[in-house]
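These are my notes from a first look at a structure that was new to me. I wrote down each thing I looked up, in the order I came to it.

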Amino acid sequence: MTLTADPARIGEHLSRFASLSEPGPGVTRLAYTRLEREAHEVFATHMRSLGLRVWVDAAGNTLAERDGDTDRLAALGTGSHLDSVPHGGRFDGIAGVVAAMEVARLFVEQPVVMHHPVRFVSFAAEEGARFGQACTGSRLAAGLCGIEDLTHKQDADGVSLAEAMRSVGIDPVRAASQAWDPGQWAAFLELHIEQGSVLQTQGEPIGVVDLVSGSTRLRLQVRGRASHTGGTPMHLRADALTGAAEIVLAAETLANDARHRGTRVTVGQLTVHPGSITTIPGDVEVYVDVRDVDSDRQRASAGEVVSRSRAICDRRGLSLDVDLLADASPVVLPIWLRQVVSGVCAHRGTRYRVMPSGASHDTQMINQIMPSGLIFVPSRDGLSHVPSEWTSAAQIATGTDVLAESLLALDADLAGQVPTRAARSQDRGR
Ligand code: HGY
Ligand code: MN
Ligand code: MN
């Protein structure tokens, strides 16, 4: 059955979500805030309008279910997240939730017969921007996050994840103890923007992800001696910011050396104290983000950043404290599930590319409790986590068509039916 998503409707959903934001530029709708919950309510209202059963789990993930036509089968799932980074874009996560909303409409309004129930999901707190740890809602769903994570991780204002959850009516103790039951789930497919420029450069409308990068995030606390910028001669200083600056460049040098092809190391946030033009900085927090497709190299790189930072601080008479904020391993997604999606693309005559994901995603966590797949749609000029992030409604509609047909193919295959043509054709690989 060929189902066709409606770009105009997709555009309306995108605009609706984009309107739920702190003042600009861009979209700011952070994890476990009132705005994130309002966005989840928009999602829930749409699903209820289709007559689907809707509930919010203990972690604040919102789910809707379309019954299957065969009893006692586990559910197929699709969805993504509705929170954003500060001053981010309108599509990161949102594209996958809007695609799920459109698939739900197609599956309700068209004469679609499916053996499996389908669950449409909006995950909470996927972005690590506020608390350091990414994918908190999906980690909790997968049973990968304990109460100690929720009480210890804090935002820049010292608000813990647990306090933020309570502020929007979510009980962190319940959240940490009510993971999803893997037995209720058959497979999961997420649609997401690529957040890179490969699809645009190659002129391909669809990416089928084989591997999702891991990430290790550190906070380096560099301490020197704050003092007067006029009264303190250069040779008597312990300047925490010049030490931090050397650390930032050392991290970049590490990622650029030949052995680290595929490693990405970024310092996207520095907090300078006291932050006055006439006081030498005595205290600087350096936030380091290490990404890699190779888990061993990822951790080794994080360790190397720490040892190079320690050497810099020793030489400069500074002290260094290191906190591990979050860590996620790279994940290879199941080949058979990837081949269902690439088979659907081949069957529809839609060009696609098998490719890794540089960004992390809820799929990475959900794949721990059920076979999961990730479908990419292009990002204009590869930009993301910025106000100019852009993917057209037509591009999202193409991805939604592939998503809908992949769920139908999965339904048939997993219900033990004759494998569909979609599942037979082989993956062309990269
Ligand atoms: O940071 C990431 O990779 C994702 O956007 N949460
Ligand atoms: Mn995302
Ligand atoms: Mn993101």
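**Entry 1: the open sheet**

In what order do the strands of the open sheet of four strands stand, and how do they pair? I began here, keeping in mind that this is a predicted model. I read the order as β9-β11-β7-β12, with antiparallel pairing. The edges are held by β9 (264–273) and β12 (319–328), each with a single partner strand, so one side of each has no neighbour in the sheet. From one strand to the next, the twist averages 15°.

β9 pairs with strand β11 (residues 283–292) in the antiparallel sense, over nine bridges.

Next I looked up strand β6 (residues 206–212). Seven of its seven residues are buried, and the strand is mostly covered. I reminded myself that strands of a sheet pair through backbone hydrogen bonds, either parallel or antiparallel.

Which sense does the pairing of β6 with strand β14 take, parallel or antiparallel? I found β6 and strand β14 (residues 352–357) paired in the parallel sense, over six bridges. Ile-206 has Tyr-352 as its bridge partner in β14.

Two further pairings of β6 went into the notebook. With strand β15 (residues 372–377), β6 pairs in the antiparallel sense over two bridges, and the partner of Gly-207 there is Phe-376. With strand β13 (residues 331–332), β6 also pairs in the antiparallel sense, over two bridges. On that side I found Val-212 opposite Val-331 in β13.

**Entry 2: manganese ion, ligand 2**

I turned to the metals. Which residues coordinate the manganese ion (ligand 2)? I listed His-81 through NE2, Asp-92 through OD and His-192 through NE2, at 2.1 to 2.3 Å. Along the sequence, these donor residues are spaced H-x10-D-x99-H. I placed His-81 in strand β3 (residues 75–81) and Asp-92 in the loop between β3 and α3, eleven residues apart.

**Entry 3: manganese ion, ligand 3**

What coordinates the manganese ion (ligand 3)? The donors I wrote down are Asp-92 (OD), Glu-127 (OE), Glu-127 (OE) and His-385 (NE2), at 2.1 to 2.7 Å. The spacing of the donors along the chain is D-x34-E-x257-H.

Asp-92 turned up at both sites: this residue bridges ligand 3 and ligand 2, the two manganese ions, which lie 3.5 Å apart. Asp-92 sits in the loop between β3 and α3, and Glu-127 in the loop between β4 and α4 (136–141), so the pair ties together parts that are 35 residues apart in sequence. Glu-127 counts as buried because its relative accessibility is 7%.

**Entry 4: helix α3**

I moved on to helix α3 (residues 94–109). The helix has 16 residues and reaches 22 Å from its first C-alpha to its last, close to the 22 Å expected at 1.5 Å a residue. How many of the residues of α3 are buried? I noted 14 of its 16, so I followed the description of α3 as mostly covered.

**Entry 5: aromatic rings**

How many aromatic pairs does the count come to? I noted four. Phe-123 and Trp-180 form a stacked pair, 5.8 Å centre to centre and with 25° between the planes. Phe-123 is in strand β4 (residues 118–123) and Trp-180 in the loop between α7 (172–175) and β5 (185–193), so this pair ties together parts 57 residues apart in sequence. Phe-123 and Trp-180 are both buried.

The pair of Phe-123 and Phe-188 is tilted, because the planes stand at 55° with ring centres 5.8 Å apart. Phe-123 in strand β4 and Phe-188 in strand β5 are 65 residues apart. At 1% relative accessibility, Phe-188 counts as buried.

My last notes here concern the wider group. Phe-123, Trp-180, Trp-185 and Phe-188 form one aromatic cluster. Arg-119 lies over the face of Trp-185, at 4.9 Å from the ring centre.

Key:
Residues numbered from 1 in each chain as written. Chains lettered and ligands numbered in written order. Predicted model: local features only at pLDDT ≥ 70, side-chain atom pairs only at ≥ 80, totals over all residues. Heavy atoms only, no water. Expected span 1.5 Å × (residues − 1). Buried < 20%, exposed > 50% of the residue type's maximum accessible area, 1.4 Å probe, protein only. Donors = N, O, S within 2.8 Å, 3.2 Å for Na, K, Ca; no water. Phe/Tyr/Trp six-rings, centres within 6.5 Å; stacked < 30°, edge-to-face > 60°. Lys NZ or Arg CZ within 6 Å of the ring centre and 35° of its normal. Pairing = 2+ DSSP bridges. Axes fitted to C-alpha atoms, helices over the stretch in contact; angles between N-to-C directions.
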